[in-house]
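Please open the model in a viewer and follow the selections below in order. Each stop names what to select and then describes what is there.

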Amino acid sequence: MSKMVTLSIDGRSVTVPENTLVVDAAKMNGIDIPVFCYHPKMKPVGMCRMCLVEIGRPMIDRATNQPVLEDNGSPKIQFSPKLETSCTTPVSEGMVVLTRNDKVEAARKEIIEFILTSHPLDCPICDKGGECPLQNLTMRFGSKEGRFLFDEKMHLAKHVPLGELIWLDRERCIQCARCVRFQHDVVDDPVLDFHNRGRSLEIMTFSEPGFGSYFSGNTTDICPVGALTTADFRFGARPWEMKPAASLCAQCPVGCNLEYTVRREAKSGGATVIKRALPRQNESVNEIWICDKGRFGYHYTQDPARLGQPLVRRDGELVPVTFEEALKIIAEKAAHQPFQILAGGKLSTEDLAALRGLAQESGGKAWLHTYMSGGFTPHYGLSADANLGALGQGDAVLVAASDLHEEAPIWWLRVKQAAERGAALIVMNPRPTRLKKYARHVIRYAYGEESLAVAAMAEENLALAGEEIRAAAETLKSARNLVIFYGSEGLGLTGSKGLEQALADLLERGGFTGRENSGLIGVWHAPNLQAGFELGLPPAEGLADLPAGGVLYLAAADPAGDDPRQAAYFSGREFVIVQDLFLTESAKLADVVLPVLAYTEREGTFVSGERRLQRYYPALAARPGLKADFALTALIAKSLGYELEGRAASLALEKLAASQPAFEGLNYLKLAEVHEQWPQVGGSDLYYGGTSYANRQGLGKHLSRAAKPEPDAAPLREGIRDVPKNALRLVPHTRLYDAGSTFAPSRLLDQRRARRQLRIHPRSAEPLGLQQGSQALIELEGAPFTAEIVLDETIPGGTALYPRSLGVPMNAPFHAVVKPVFDKSAS
Amino acid sequence: MSHILLRHRDIPDIKELSVYRANGGFKAFQKAVTTMQPGDVVNEVKASGLRGRGGAGFPTGVKWSFLPGNLWPHYVVANADESEPGTFKDREILENNPYQFLEGLMIAAYAVGAQEAYVYLRGEFESIYRQLNACIARLEEAHLLGDQLFGTDVRLRIYTHLGAGAYICGEETALLESLEGKLGQPRLRPPFPAVAGLFNKPTVINNVETLTNLPPILEKGADWYKSLGTEKSPGVKIFCLSGCVQKPGNYELPLGTTFRELIYTWGGGLAEGRRIKGIMAAGASSNIIPADDRALDTPMDYESVQQNLGAPLGSASVIILDDSVNMAWLVAKTTHFFKHESCGKCTPCREGTFWMAHITERMMGGKASPEDIDLLKNVALQMQGKCLCALGEFSTMAVVSGIKHFRPDFEAAVRGGGKAK
Ligand SMILES: Cc1cc2nc3c(=O)[nH]c(=O)nc-3n(C[C@H](O)[C@H](O)[C@H](O)COP(=O)(O)O)c2cc1C
Ligand code: SF4
Ligand code: SF4
Ligand code: SF4
Ligand code: FES
């Protein structure tokens, strides 16, 4: 507990922790001091001078070192001759702060006037108009009339692309440097800076592509004026035309809290549509940030290619029918058949529970569509009051087989910050990643040896281990908490299972299981795989593992799209049902295709990788005729004579909570609980958080710890047999901007999207005749493909990396012969 | 009397190392390194009463003693940014008597335990930069810089850095930012450079002239130095005299010399038939002082100028203005300068200098109205006390004092526009 300091602000006695800045001390006590450059998530800079206040301190007699007293015995206060910036001044005992006397009010008016001399005041055509701190503070403190001659205002470029995502209006910029500081200090992508000086000071970017950062959109939130806007939203709507709706990001397992703002518009044929995604504050999940994938990734939910009507196969063709017809056909064909179900990690918890229920009722089985293993996380994962934001000095974080910056950017940020607070970061990966810079220990292993490396650390089989492993093991011995992230770099299901078990063992042996802020976190490739593991669904990379025969029911899973060779598993089934947003490759092979509501059109919950159960709310009304997945599954069940909860998501969760111990005691009301968070954002003052939203709809709750799983006896390693001669080892890795069906429709990111490239060390490429930028042919039995060669010195020898989701039909490492594709025109 | 700082005026070839050494050069440094503890050097400089010549007049020895003994390394940075209009003293030293300056820098480094010292030069000092690099190379050859100096464990290296031409980089924290390769903008204080300066380490920043005083102080002792100048402002100062005088230039005189003596005895007085009208004592950053007898008889030391005339002596860049000068024209010049040089970090200075420049341009362009005079004054007053660094405050001095003492000039400018000079 830090020492407390008592001071007086506007005559009120307040007590705050020492080192608190005066501006924050005031805010904590309901007194707003206007700010522009200050932001509580960043170090103060004292640039804008908006927060000037009058400050007095008790006078000390130099001779006696005692406070000088007034006649009435109270300490004599000496006021500084100048006003002081409250954003840079820490509180001190006995301090007297005056925030609303004439002197201070005059200073505010004067600073606003100064800012407005160079500001275009084009609020009526400004995106920020209506939610702009400058506008609000001008209304509150500004002068009624301007003394600066309008003709002498400077005119600057108003549409400056800082890359294709973020646009700058130079006239509106008030040089507060929040954007610059955010990029340098918060997310360590120092791609923005000031250029020039004085009134010519201007923001510039020097990355290629411009403003190259996965976090760029956050600057548009914290920019206190309309100088920074996203290409996605600019000129899209006025703030007051839109309604906010609380939601979650569905792009990765972090579970960032979002607010969608929606409006009904003629442009969209009179429909209500999502106009933008903004962060919603959850200090234990995403604070007030989101990554650009989350901000721009929602477009698939309103893509025109979405299915609106069920399809059934008649004479070999899929033809539209009504839901009644489709259900009737299902009732006929599927009666008394076991359902073999493949369920995707984008489904809600309730959806997954319903699918599991149908499988059980029908005597079949539901599988989780994943190339990552996670059966150990319900026991070894986080629970209770775990918070990555509380990790610091004395704690340890291990990141294994994950390029966290690409796989889950906000976790990358949270881990970076934990390291900056003093947590010991151990990074294990076969090649360097962005986290290396913050790591105390960096452990390199060969692809495929991940579990061996962990085992060496856990078993203190240190004689065999390298120096880094020994040093890391030493660090773990004294750690108070250990949080472990594991990803899927170079791993398929088998290797992932091996790694997961080795990591669980590491936690166990180190005595970390059950500690408050310790546990295992899977960096999943979908937002809600965690729920699947909590429900005990066995993982399946594709259809090969599912028993033949019976009804095949795919929900939010497209194995044939991932790998054309999976089509073979569709034949030989009695009946195939595909439930999805789009007419996927798998849907094209189905007997019945059922469209569903997007998650933005319904209620539900996701379990984040940190095992936090969180609610999302409908941002838009349900599309007529369509249903949420769980409701549709319940209808199918009903048509077959089984009883499932399909009335409301809240009831479905209650039912689950009654039977699944980890969910015990949780319900929709509990998930909607909020408590006060610091910093306060999203108030009408808009001083601090910019356009981040306050969280009024729920912070979610951790699941409780589940029973301990049984480990597999044999160590699991990715089986690599029958290596062809001259073959390279090809390993998958994840890129944030992928080409998956729930992200590809965000066309704005096309230029930055990963391409089908093979990253390879120049020394491995040379003997194979592979050159930078050339096309290579990869001989994969049954599915050969080509890829562009990228030479990259960070890739281990004999290995080539391919990005997931870009049409390489493999989830796990494999060996293949790679040859140049000869340019026919050249011969 | 022979010069103490501008010694090249007495010994023409002193910029040659051999000549400098033949005239006692580096004896003081050798004495310090071989016979004195660093703390003794600090005490000697404290006792001499030497005050910073960069403008603020802070006692040099006291400043050195602020460096914490438990945080290392320490750095010393010589401020050779000399960009104040009307200031050209450091340049004369650097061009003609470079070794005395370097010796001073080396003494300062020894005193605070720095093993690396930097010279930050204004961007336009390119030829000085080259000459200084050559001098440093020669000192290394002569083993006056490097490891194991005079057979002791003391080592020292000096690096030079050429700025990109910005007045603000003379402000010590902006200088440090620029030296670190960043945009030259002042830092927030605290922490002060003495605790967290260059590369976040304890750092002393001293002006070129300040440092050039050190070799003679160590050589001849604090008492000798104190015998020069006044009690509170001991020693000699180079006064940069410019403007409407017959013999502008640098004059090395004891602190406490009167304006009258500088202007008339040394500077040859004004042109035939011209009357003195105003004085700026600290370059463009000055108040414009009405040049009455009281002003002319004021001794130029840090206390007297402030007490008698309400203006700082600053870097003692004395600009003389005669009756041919319209002060509104002068103020238009200074506001233009500050608008051009404001770093833009803080609102009042960035916007205020810009606004003031607009108003004065309007005045000079004959497009102003009488209310603009008060508007100009109000903008300046409204900047005061709010800026992040002193530059913004400096920019208001000439404006406020000019309008206060010479309002008719402004009224004439409003009426006559560009014709007024
Ligand atoms: C805007 C501004 C410009 C300055 N320019 C210079 C300069 O060119 N040279 C200099 O020595 N000091 C300059 N100073 C003063 C320095 O900040 C600092 O006080 C000085 O270098 C300290 O050295 P001293 O103690 O030896 O005087 C400037 C200060 C300000 C606010
Ligand atoms: S663009 Fe916005 S955040 Fe960046 S400096 Fe300008 S006003 Fe501040
Ligand atoms: S970090 Fe993950 S959950 Fe958060 S916004 Fe980005 S993609 Fe969405
Ligand atoms: S006062 Fe002027 S020079 Fe100093 S920080 Fe502010 S803008 Fe920069
Ligand atoms: S100076 Fe305090 S908010 Fe900008």
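**A tour of chains B and A**

Begin in this predicted model with helix α12 (residues 259–266) of chain B, which lies across β5 (236–243), β6, β7 and β9 (317–322) of chain B and runs at about 130 degrees to β6(B).

Next, select the strands of the sheet in chain B. There are 5 strands, forming an open sheet with mixed pairing in the order β6-β5-β9-β7-β8. The edges are held by β6 (249–254) and β8 (289–290) of chain B; each has a single partner strand, so one side of each is left without a neighbour in the sheet.

Move to chain A and select helix α12 (residues 450–458) together with helix α14 (residues 493–509), whose axes come within 8 Å and cross at roughly 10 degrees. At that angle, α12(A) is roughly parallel to α14(A). Residues to display in this contact include Val454(A) and Met457(A) from α12(A), and Leu499(A) and Leu503(A) from α14(A). By class, the contact between the two helices comprises 8 nonpolar, 3 polar and 3 charged residues.

Finally, display the contact between the chains, to which chain A gives 26 residues and chain B gives 24 residues. On the side of chain A that touches chain B, α2 (102–117) and β9 (192–195) of chain A are the elements that give two or more residues. The largest share, 6 residues, comes from α2(A). This side of chain A has 12 nonpolar, 6 polar and 8 charged residues.

How values were computed: Residues numbered from 1 in each chain as written. Chains lettered and ligands numbered in written order. Predicted model: local features only at pLDDT ≥ 70, side-chain atom pairs only at ≥ 80, totals over all residues. Contact = placed C-beta atoms within 7 Å. Helix = DSSP H or I, 4+ residues; strand = E, 2+ residues; numbered from the N terminus. Nonpolar A, V, L, I, M, F, W, Y, C, P; charged D, E, K, R; others polar. Axes fitted to C-alpha atoms, helices over the stretch in contact; angles between N-to-C directions. Parallel < 35°, antiparallel > 145°, perpendicular 65-115°, else oblique. Pairing = 2+ DSSP bridges.
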